[in-house]
Amino acid sequence: MAFQIEWIESQFFDPGKIANQMIIVHHTGSNNGQVNSFEGTISWFKPATWRTYSQVSAQYIIAREERPIVQMVRDDDTAWHAGRSEWIIDGHKYTELNNRSIGIELQGDGNLVGYTQFQYEALIWLIRQKMQKYNVPLELVRGHQEISTQKVDPGRLFDWNWVRNQLSSVSVNVPNTPPADVVDSDNDGVVYTDPNHDVYIPDGRDRSLFGRIVEAIFSLFK
Ligand SMILES: [Zn+2]
């Protein structure tokens, strides 16, 4: 199947981002047992009239029926899809995941009705590209409900086993260098997200600057 991407720009995003380290899968939800419409989701992310509440967006939306995937935020810009969330990436816990991820919305409600074959195939096609382009390992392809305990998407009917199986052959070159915002200033292999705490300790264990000073003072009296 050939897939296409149609560009419809959302107003809701921040320019730029730290990196594309994760891919987050969502669903668009339902209302009174009716799956939200594809057009409705587009106009929710790109309202005709500017709104100051519920400002949300995602990079991509995949319809239930066969039609082009819609992209609403550039990969290199920050869409507003993850909300309050957290995940460990390369050993660091992050709570701001919008600027480290690509958000993909599936039209539907994965706790109400299963996704279509078209959606699964388009999703695999899209995720595979992004994994290769941005070196995202399979373990960092996650559902919204995994990164945020208050969320229920993409839901229990989303077939993670099939999706993971389809993506397991994607080979990703995970770089050894830390992401640009993380600086190992004393080059001892131990990195703190707050560079002020990155203090060199000869035995290889980093401690706080305060701890070092206390220890240095005590060593004077030995
Ligand atoms: Zn979501």
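Visitor: How many bridges join β3 to β11?
Guide: This is a predicted model, in which local features need pLDDT of at least 70 and side-chain atom pairs count only at pLDDT 80 or more, whereas totals for chains, interfaces and linings use all residues. Residues are numbered from 1 along each chain as its sequence is written. Helices (H or I, at least four residues) and strands (E, at least two) are DSSP runs numbered from the N terminus, and two strands pair if DSSP finds at least two bridges between them. Strands β3 and β11 run parallel, and the number of bridges that join them is 6.

Visitor: Which residue in β11 does His26 stand opposite?
Guide: His26 lies on one side of β3 together with Met22 and Ile24. In β11, Ser101, Gly103 and Glu105 share one side, with Ile102, Ile104 and Leu106 on the other. The residue of β11 that His26 faces is Glu105.

Visitor: How many of the 6 residues of β11 are buried?
Guide: A residue is buried if 20 or more other C-beta atoms lie within 10 Å of its own, exposed if 12 or fewer, and partly exposed in between, with C-beta atoms placed from the backbone. Both faces of β11 are covered, with buried residues on each side. Strand β11 is therefore largely enclosed by the rest of the structure, the buried residues numbering 6 of the 6.

Visitor: How many bridges does β6 form with strand β11?
Guide: Two residue pairs place these strands against each other: Tyr60 stands opposite Ile104, and Ile62 stands opposite Leu106. Strand β11 spans residues 101-106 and pairs with β6 in the parallel sense, and the number of bridges is 3.

Visitor: At what angle do the axes of α2 and helix α4 cross?
Guide: The crossing is right-handed, meaning that the near helix is turned clockwise from the far one by less than a right angle, anticlockwise being left-handed. Angles under 35 degrees count as roughly parallel, over 145 as roughly antiparallel, 65 to 115 as roughly perpendicular and the rest as oblique, and α2 and α4 are therefore oblique to each other. The axes of α2 and α4 (residues 160-167) come within 10 Å, and they cross at roughly 45 degrees.

Visitor: Which residues of α4 make the contact?
Guide: Two residues are in contact if their C-beta atoms, placed from the backbone, lie within 7 Å. From α2 the contributors are Tyr120, Ile124, Ile127, Arg128 and Met131, and from α4 they are Trp162, Val163, Gln166 and Leu167.

Visitor: Is Asp109 buried or exposed?
Guide: Asp109 is found in the loop between β11 and α2. Leaving aside neighbours within four places in sequence, Asp109 is in contact with His27, Gly29, Ser30, Val35 and Gly155. Because 22 C-beta neighbours lie inside 10 Å of it, Asp109 counts as buried.

Visitor: What distance separates the C-alpha atoms of Pro47 and Phe12?
Guide: Pro47 lies in the loop between α1 (38-45) and β6 (60-62), and is partly exposed, with 14 other C-beta atoms within 10 Å. Pro47 and Phe12 are 35 residues apart along the chain, and the distance between their C-alpha atoms is 9.7 Å.

Note on methods: Axes fitted to C-alpha atoms, helices over the stretch in contact; angles between N-to-C directions.
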